[in-house]
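Biologist: Could you take me closely through one part of this model, the nonpolar core, and say what surrounds it and what it is built from?

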Amino acid sequence: MTIGRRLFISSAAFALVIACGYWVVAREITGTFLLGFLAFALSFIAGYMVVAEKKADLWGDRDDASMAEAADQVIGTYSIRSPLPFWSALAITSITLGLVISPTLAVLGLLAALVLGTFFIIQSR
Amino acid sequence: MSAVASPRVAPAARTDLLSWITTTDHKRIGILYLSTSLFYFFVAGMLALVIRTQLARPGNSLVTPHAYAQLFTLHGTAMIFLFVAPFALGLANFLIPLQIGAPDMAFPRLNATSYWLFLSGGLVVFSGAASNEGAAAAGWTSYVPLSAIKVSTGLGQDLWIVGVFLVSVATILTAVNFVTTVFIYRAPGMTMWRIPIFTWEMVATSLLIFMAFPTLAADLLLLFVDRRLGGHVFDPAGGGNVVLWQHLFWFFGHPEVYVMILPYFGVISEIIPVFSGKPIFGYTGLVLAAFAIAGLSMGVWAHHMFTTGAVNNPFFSFLSFLIAVPTGVKFFNWIATMWRGSISFQTPMLFAIGFLLNFLLGGVTGVMVASPAVDYMAHDSYFVVAHFHYVLGGGSLFAIFAALFFWWPKMFGVKLDETLGKWCFWFLFVGFNVTFLPMHLMGLEGMPRRVFTYANTGRLPELNLIATCGSYVMLVGTLLFAWNVIVSTVRRRPVGDDPWGANSLEWATSSPPPEHNFDKLPPIRSERPVWDLHHPAGPRT
């Protein structure tokens, strides 16, 4: 079991123990719900990691792995520059700011986000 | 899949504005984060100076009560949401891929998006100052009913909600990036038990962010619904509950304290061994203590609510006391690392020692106010203000300066001037203690926090005047740092790859590192690969 999985499983277990302990001691619904929901959310991530990492074989997990062994591995494509993050953030800011200042700004932000999303999907193919 | 840094075909490094706006390089994004958070620190610091000047004498009328409320709200918001926590994210952005031997973050574009959301969130918060009724004035905790539409009628509070919401989204996305990068993109041989303590602390911090920040985002949405869409979630007249806001806010707010301190525990754990000439004492203990602190911090939120009478005080008090145990383990390990070491008192180490002294006092007063009996007396007084400034100002701020002096050569290829650095340290250390030590006494004399003036009784006028003088000494220290940056940049005396004789992987590459981070990675057989590289015949850790 990788440390990542252990980390989330133990965190979920800890949250569950604290939630139960809090209910036993305090009988207070808000805090118990918060802790219970936390335990549920952490279990969800832990479950995902158990499934996703079932066949994971990472060079970084091997004590004796050498650089030479791992040569020529392709680990994905890195974009050095991209205008998308800047414009995406601007669109998201417009949507949220528009809810407060002007619905027109929110609609413009939404349209911009749709265009950027489409562009992103096309670019990623 | 492995974390080998396959060379990227990169055009010659550009330095124009457009290249910074479109960058997805983790190092540049880190530097953007660091410079933006330092800008917000400068603004928040200026606001603090106005606050201290107003409080220098009883009955001062430099600002109106409403303006004062806006000042402390923006000061707290900027320091917490826009400086201390994001600075750690910036540092981690720069360091994590370098420390684990990865070419970049797992999601470079998401990383850049997070930065731009953080920048815009901060600007939105501050833009409230330009609205009709001014900026938000309900404090950084934005307690209901102060932040409800019936009390805070202006646009400033709405802009605060939107701005902090954007920052919280940015922080969550960054945490996802950190955890994925550390779990998946470690170089061959860089097992989890060999990653530097700073990276471990960032994993613990990211875990805390996963658990705490979604709650903040949800709280803010609910508050927005109450204010703008006629909701009654926090409105008792409509069946809502004001204490619910406190529960939800502190469920985020207390872990946030550890989001603001755990990364700096990592910074200190990196610096002390280097300047003590020894490996870190108790690597495993430090890592486990970080996760113990992170876990326990999720169960102590209601110690901020002892005086509401709506929570189980013994439960939260007990868990709060427990946090002192792993924190004590960390302190023990740092002191044991220095014990019989060959200590070199260079600027990063001075700031690290300043951190230890200040944080110790903040920690001790933290244990005091974790006791409901003491908290009932100290709640909402200047004693609490002194406590959290010793933790976040004396602790995190000193670690931030330690980090700046330590990693500046790696970021920019030049060292900051040592003499100016030491002057900067002493001005900040003396100024900090002169400012905040008297606040304990002000609290004990009954001075409440968040008041724009106070009665001319007891020692309050003298104590306030001393604190104000101290704040100006801190200003001198900060300006000395800015002057140091200018002088060192103009002089431009290049340093080697590893000017300190450090341990972790980032010191194996050039200063500043190339776009792809490493031309060649050394073998990784311990948590000190660079030390092993430079001392092939030395003892192994």
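Modeller: In this predicted model, the largest nonpolar core has 215 residues, and those with the most contacts inside it are A:Ala15, B:Ile268, B:Ile271, B:Ala290 and B:Ala402. Helix H3 of chain B, which runs over residues 65-100, gives the most to this core, with 23 residues. Chain A takes part through domain 1 (3-60) and domain 2 (84-124), which both give residues to the core, so it lies between these two domains. To look at one of the residues with the most contacts inside the core, B:Ala290, and leaving aside residues up to four places away in sequence, B:Ala290 touches B:Trp200, B:Glu201, B:Ala204, B:Leu262 and B:Phe265.

As for how the two chains meet, 45 residues of chain A are in contact with 53 residues of chain B. On the side of chain A that touches chain B, helices H1 (3-26), H2 (29-52) and H3 (84-100) of chain A each supply at least two residues, and H3(A) gives the most, with ten residues. Sorted by class, that side of chain A has 27 nonpolar, twelve polar and six charged residues.

Turning to the loops of chain B, the one between helix H15 (460-491) and helix H16 (529-534) holds B:Pro512, which is joined to B:Ser511 by a cis peptide bond with omega of about -10 degrees. B:Asn517 lies in the loop between H15 and H16 of chain B as well, and its phi is near 80 degrees, a positive value in a residue other than glycine; B:Asn517 counts as buried because 23 other C-beta atoms lie within 10 Å.

Conventions: Residues are numbered from 1 along each chain as its sequence is written. Chains are lettered from A and ligands numbered from 1 in the order in which they are written. This is a predicted model: local features need pLDDT of at least 70, side-chain atom pairs count only at pLDDT 80 or more; totals for chains, interfaces and linings use all residues. Two residues are in contact if their C-beta atoms, placed from the backbone, lie within 7 Å. Helices (H or I, at least four residues) and strands (E, at least two) are DSSP runs, numbered from the N terminus. Ala, Val, Leu, Ile, Met, Phe, Trp, Tyr, Cys and Pro count as nonpolar, Asp, Glu, Lys and Arg as charged, and the others, Gly among them, as polar. A nonpolar core is a set of buried Ala, Val, Leu, Ile, Met, Phe, Trp, Tyr and Cys residues joined through C-beta atoms within 7 Å. A residue is buried if 20 or more other C-beta atoms lie within 10 Å of its own, exposed if 12 or fewer, and partly exposed in between; C-beta atoms are placed from the backbone. Domain bounds come from an automatic or database domain assignment.
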